[in-house]
Amino acid sequence: MTKLYLLVKKVLPVVLLVSCYSMALAQGKTVSGRVTSTDDGSGVPGVNILEKGTSNGTVSDADGNYRITVGANATLVYSFVGYKTQEVAVGDRSTVDIGLESDVTALQEVVVTGYGTQEKKEITGAVVSMKNESFNKGAIQDPSQLLQGKVAGVSISRAGSDPNEPFTVRMRGLTTVGANQSPLFVIDGVIGASIANVDPNDIASIDILKDGSAAAIYGTQASSGVILITTKKGKAGKTTVDFNSYVALDEINRKVPVMSSSEYLGIGGQNLGSSTNWLDQVTHTGVTTVNNLGISGGAGNTVWRFSINVRDVSGILKNNGFDQINGRFSLQQSALKNKVRFSMDGSMTTRNTNYGFQEALRYATLYNPTAPIYDPTGKNPVTGSPYYEASLFDNFNPVGIQNLNQYDGKKTTINLNGKAEVDLLPGLTGIVTYALQRENGLTGQYYGKTSYFRGFGRDGLAYRNTDITSRDILEMYLSYNKQFNDLNLALVGGYSYQQRQEEGYGVTAGKFISDALGYNQLAFSQDTPNGLTTLSSYASPVQKLIGFFGRANLNYKETYLLSASYRHEGNTGFGLGHKWGDFGSVSGAVVLNKLFDMPSISNLKARIGYGVTGNLPPTYGISQFQFTQQASYGYSNGNRIPVVSTALASNPDLKWETKTEINGGVDFGFMENRLTGSFDVYQRTSKDFILERPIDAAVNVASTQWQNLGEIQTTGVELALTYNAIQKSDFTWTTTLVASHYKSILKKLYPGVEQKDGLPELGSGLGAPGQNNTYVIRNIAGEQVGTIVGPQYQGVDASGNPILGSDPYARLGHGLPTLDLGWTNTFTYKNWDLNFFLRGTFGHQLVNSWRAFYEPLVPGQINSYNRVKTKYYDPAIKTASWSSLYVENGDFVKLDNLTLGYNFKLGSGSAVSKLRVYAGGNNLFVITGYTGVDPEARLADSGGTDNGAFNPTTKNPLAPGIDRRNNYFLARTITFGVNLTF
């Protein structure tokens, strides 16, 4: 027995080992390999690898490597979000490497909707999603330019090409005449983050919530629509380096047509002995360089991206432009098998701005063309400067404006935000986010001791101002998603807290010993005792905005869709009984092609929605009594300069602005989505605008008060079409057309607009000389906002006086357009790509201020100013009198962008994985009958300024359609660039 035991003890392990090995050979084998991306060859982490027909699976590691034991005749299924799923038969192989292709269609179907995402097919509101490959091309300096003309119902415009002037963004017409006329921007989930702190190169996608049902989740800040920006993120695997660079050249595209020296002398102009092209003296070829470097990668559970963007921008006006450096980072980290996720994003922008003086363009246009640049005596007897001055009202040597004065500034913006997500239960996730924004701006102006433009007689004049703003946002919410057989339920609910503070100061002083230190010599001012020094400062209380929000989305069989949202929000800026407001929405959709047999229709979804949104007060404390004091130090004629004080009356009944909107739409796709598009019709009503109005100071102590006034109703239709016309292996053509029409009707506003001819918009005066009280815009109940009024021009009499119609308030046009069109075409041929974009705006009229002042041959003014000479010029007219003669149609079509690129074929061993060079242009041509510098619609009025006065800091939306004399000229841009990926 002992021998048998010893034999069994020795033999049994060997038998068991052989048996196990035999079973392993019979039942399965180990397969290993690497999963890479066909885009750049980098490993793809987190890919699900499943043995088909079983629950046996694994996940690729940080470098894309994997190992799995499979049975005989196994087939492996590789799947990952954003890539096409692939199946591979193992056969007798022990190593299976595979390259996954990007699934562009799947990526495009994800839409950011606020506090979450949805698949595009689940959307029930008017929502548009754009990825970076669809953005506008060329010399893009402002993120809003990426969307210009691309989205039906979104108007993005800027008259002229001043690089320091932001674009005006309007969504579905005029929503409010108070503050916050532009949409709310949400950047990486941060509400109200500064768009100026995002470089266009760093943007991955933009989602636009156009109607009230889609935007209502953001409550009081969403009245003008919502634009959600998602920046580029890192991807695990191989570290990728992207470098983009371009140089752009700007030249004047259009200018005001004026007389030459000989023409000017021919009409009796004063001959000062020279022939000067003043516009050539103050403009040049603007040279812009832009460089962007992005580095991204990751390993394991961590992915990251860092970018730096450097811009040096110069406009067509000398001493005008900015240089900017922007840095951005993004970090995402997961833990506990991806049940806990952290992310952090940050950005910082420092921008040094040379505002220059666009008034130099104005005076270069109207200055006597026979005047010399420099005073013939070498020193002007009036100013002491070397420049000639005519010493006339509203008449300044434009070269002297540029060379004797300075106006610049510096602004730093910082954004930081963090986010933590925890999967609490299956389908239930808790999210906490915190974000901060800090802005610090400093501006300075200095007008030289011998400057005739501003500050004349002050012996040097300096301005210094600083503004500091801080914002903090804390949000906590829960997200729940559950599938109940054929019903999917998605819920979001949470809390939002925002606070904002502002402070700043300003100093004005004059009488300096030298110009050498500019505005940095305030301490050396000699104003006292015979001059004037002004000090100002402000500081706001903490402005709080608190909200509770929720949303429910239901999807039944991917056929019946329903969404509802609600937000209860409070703000410290309103009256005691009106601090809280309620904003909500409901929308639904039916996917008709799921219900009916439609062989040629890929998608047909009908939508309808209703939503209520609000608008915040324009500034702090406006419901309370305010007393403002501006202290002035110094003496005038032996008397102490008095303190200047103003007061604002309280209004305990001040409440929210509200906007209600109903939207109906259809999304469609034909021929396997070769032709796709959408059609929407809407009506929105905005009321209780928050406006500052004059009141009787004798009764109320104060002279103004903020009140809730007015109502505007806007109706419109929108159409978007995309057609993949040609899709061959070596040639493709995709064309997109967007069109929108809207009309904004003023229902009520101030008392008196109900009268037949309404009330004049007091900010719409043409200006000096002689037409300050000529108001060209009137607010008339029942008519469109921006009604241009005046007498009809009927000819000219023998004395040179215009013959005018009897009705002084005849309707001459409207400042807001009725139709916007955008047409994009993208071609690829082998390694070449071509993109061009045409944009048109129609139905608006423009008041041509240049013609109204300087086209008539007024006898006393011929020696003062050059004359405008357009196709309407009539030398018989000797009197400048406002009429329909100076109202022109502003219809136009612009070739906004044309870009031609070439993609080089690179070998597999090259360190460079992508190399593309391109050339392009912006504003290459304009087709229009308008005779001014830019036919772009003026959606709001900057006001009329004369004789060197400062331009207003705010624009009036109730006076659209006025082409002012201080507008910047339109430029044509040629661009050369390169894109590199390592």
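Predicted model: local features only at pLDDT ≥ 70, side-chain atom pairs only at ≥ 80, totals over all residues.
**Domains**

I looked up the division of the chain first. Domain 1 covers 15-100 and domain 2 covers 110-231. Domain 3 is written in three segments, 242-651, 660-696 and 704-981.

**Domain 2 against domain 3**

I took the C-alpha centres of domain 2 and domain 3 and found them 14 Å apart. On the domain 2 side 76 residues take part in the contact, and on the domain 3 side 118 residues do.

I then looked up the area. The size of an interface is often given as the accessible area lost when the parts come together. For domain 2 and domain 3 the buried area is about 7,300 Å², with 48% of it on carbon and sulfur atoms. Which residues of domain 2 lose the most area to domain 3? I noted Tyr115, Arg172 and Asn197, which together make up 11% of what the domain 2 side buries.

Next came the polar side of this interface. I have 52 residue pairs in polar contact across it, both residues at pLDDT 80 or more. The elements of domain 2 that each supply at least two residues to the side touching domain 3 are β11 (154-157), β12 (168-171), β14 (190-191) and α3 (212-215). By residue class, I recorded that side of domain 2 as 36 polar, 25 nonpolar and 15 charged.

Between domain 2 and domain 3 I have eight salt bridges. I also checked Arg172, noted above for its lost area; its side chain forms a salt bridge with that of Glu661, at 2.6 Å from N to O.

**A four-stranded sheet**

I followed an open, antiparallel sheet of four strands in the order β39-β42-β43-β46. Its edges are β39 (759-760) and β46 (810-814); each has a single partner strand, so one side of each lacks a neighbour in the sheet. I looked at the pairing of β39 with β42 (residues 777-779), which is antiparallel and rests on two bridges. Leu759 has Asn779 of β42 as its bridge partner.

**Salt bridges elsewhere**

How many salt bridges does the structure hold? I have 45 for the structure. I looked up two of them by residue.

- Arg341 and Glu421 bring their closest N and O atoms to 3.9 Å. Arg341 lies in β21 (residues 340-354) and Glu421 in β22 (residues 405-425), 80 residues apart in the chain.
- Arg454 and Glu359 have their closest N and O atoms 2.9 Å apart.

Note on methods
Residues numbered from 1 in each chain as written. Heavy atoms only, no water. Domains from an automatic or database assignment. Contact = heavy atoms within 4.5 Å. Buried area = accessible area lost by both parts, 1.4 Å probe. Salt bridge = Lys/Arg side-chain N within 4 Å of Asp/Glu carboxyl O. Polar contact = N/O pair within 3.5 Å; in protein donor to acceptor, adjacent residues only side chain to side chain. Nonpolar A, V, L, I, M, F, W, Y, C, P; charged D, E, K, R; others polar. Pairing = 2+ DSSP bridges.
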